[in-house]
Amino acid sequence: MHRRHFSVWIAVAWIAIASMGDKVGAADLETRRWTVDGQVREGLVHVPDEKFRDSPPLVFGFHGHGGKAVNVARSYGLHVLWPEAVVVYLQGLPTVGRFDPEGTRSGWQKTIGDQADRDLRLFDAVFDSVKREHGIDPNRVYVTGHSNGGGFTYLLWAARGDVLTAVAPSAAGARNVLDIRKPLPCLHIAGKRDEVVPFATQQRALEGVRRINRCQPSGQVWEDDPRCTLFPSAVSAPVVSFIHDGDHQYPKEAPSLIVAFFKQHQRPDRSAHATEADPTLPD
């Protein structure tokens, strides 16, 4: 899918937070603000030390419904595991959800076109400003998120797959898989006892992604972890499923596995592998 171009005015302000290191395990997270279509949006940004600032990778981490950027910075810790990367944890806006019908808690748009694409516009603004200011490597751009953030990760794959390298959704369903057209390496994390996003729904997402990525039907153990299965791809877009015995909680092992997966993938020229996704998913 071609990238949509939005006319946005981006106002940027940097505010250093002296105590942030004690809160999230790193000394150099800053609050950054973008004004997109008149709405002030916030996020926490890690910029690597100067010695790592030559074309660094870029990683986005999205919280779940009701979450906060500072909390996922603490629980994901992507900037600690990969200090050479520019890491961005964005803050969602009040959003109606299945367990939040009045929309009092923060979240992300659920489908393309939802909420007037306010969060896609935010992604575009942040991506453009970070690319311009930090000279990120366009072949190493990664997205991950849990629950509603995992769903938004799939949405970004569908809507902005032309700028992404690999994705790692956690506890996310199949809602946006139907809109994916471009194969990308994917690590999906799912709990067998998840009752918020039922495991069967996540299995449907995985089946659809493996078909889009033209994966082999059988897999092999990945990273010496029997919970992780790697499905090789005919178009250099492998899928890894990390299936744990837990529920909807974000597993503590997830961040290190996600960073390991991202580091294994750098964006090649996939023009020769252009494909259209099967418009149906298995029942």
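Helices here are DSSP runs of H or I with at least four residues, strands are DSSP runs of E with at least two, and both are numbered from the N terminus. With that in hand, let's walk through the structure.

**Getting started**

This is a predicted model, in which local features need pLDDT of at least 70 and side-chain atom pairs count only at pLDDT 80 or more, while totals for chains, interfaces and linings use all residues. Residues are numbered from 1 along each chain as its sequence is written, and side-chain values use heavy atoms, with hydrogens and water left out.

The protein chain holds seven helices and 13 strands. Of its 283 residues, 55% are buried; buried means under 20% relative accessible area, exposed means over 50%, and partly exposed lies in between (1.4 Å probe, protein chains only). A contact means heavy atoms within 4.5 Å. Among contacts between residues at least 6 apart in sequence, 65% join residues at least 24 apart.

Helix H4 covers residues 118–134. Its 17 residues reach 24 Å from the first C-alpha to the last, close to the 24 Å expected at 1.5 Å a residue. Helix H6 covers residues 199–212, and its 14 residues reach 20 Å, close to the 20 Å expected. The expected span is 1.5 Å times one less than the number of residues in the helix.

How many residues of H4 are buried? Twelve of the 17 are, so H4 is largely enclosed by the rest of the structure. Among them are Leu120, Leu122, Phe123, Val126, Phe127 and Val130, as well as Arg118, Asp119 and Asp124.

In H6, the buried residues are Phe199, Gln202, Ala205, Leu206, Gly208, Val209 and Ile212. An α-helix has 3.6 residues a turn, so residues three or four places apart point the same way. What covers the buried residues of H6 includes H5, strand E10 (186–191) and strand E13 (239–244).

**Arg118, inside H4**

Arg118 belongs to helix H4. This residue is buried, with a relative accessible area of 16%. Leaving aside neighbours within four places in sequence, Arg118 is in contact with Arg41, Leu93, Pro94, Thr95, Gly107 and Gln109. Arg118 and Val36 are 82 residues apart in sequence, yet 8.3 Å apart in space, C-alpha to C-alpha.

**Residues with positive phi**

| Residue | Where | Phi |
|---|---|---|
| Ala116 | loop between strand E7 (106–107) and H4 | about 55° |
| Gly135 | just after H4 | about 55° |
| Arg214 | after H6 | near 55° |

**Two buried threonines**

Thr144 sits in strand E8 (residues 141–146). With a relative accessible area of 1%, Thr144 is buried. Its side chain reaches the backbone oxygen of Ala168 at 2.6 Å. That is a polar contact: a pair of N or O atoms within 3.5 Å, where within protein one must be able to donate a hydrogen and the other to accept it, and residues adjacent in sequence count only if both atoms are side-chain atoms. Beyond neighbours within four places in sequence, the contacts of Thr144 include Phe60, Phe62, Leu78, Thr153, Ile258 and Phe262.

Thr165 lies in the loop between H5 and strand E9 (166–170). This threonine also counts as buried, at 1% relative accessibility. A polar atom of the Thr165 side chain lies 2.9 Å from the backbone oxygen of Asn139. The side chain of Thr165 also reaches the backbone nitrogen of Arg140, at 3.5 Å.

**The largest pocket**

The largest pocket has a volume of about 850 Å³. Of the 35 residues that line this pocket, the closest to its centre are Ser147, Asn148, Val196, Val197 and His248. On a 1 Å grid over the protein atoms alone, a pocket is an open set of points where a 1.4 Å probe fits, with protein on both sides within 12 Å along at least five of seven lines; lining residues have an atom within 4 Å of a point. Grid points are joined across faces, edges and corners, and a volume is the space filled by probe spheres set on the points.

Helix H2 (69–76) and helix H5 (148–160) each supply at least two residues of the lining. By class, the lining has twelve nonpolar, 17 polar and six charged residues. Here Ala, Val, Leu, Ile, Met, Phe, Trp, Tyr, Cys and Pro count as nonpolar, Asp, Glu, Lys and Arg as charged, and the others, Gly among them, as polar.
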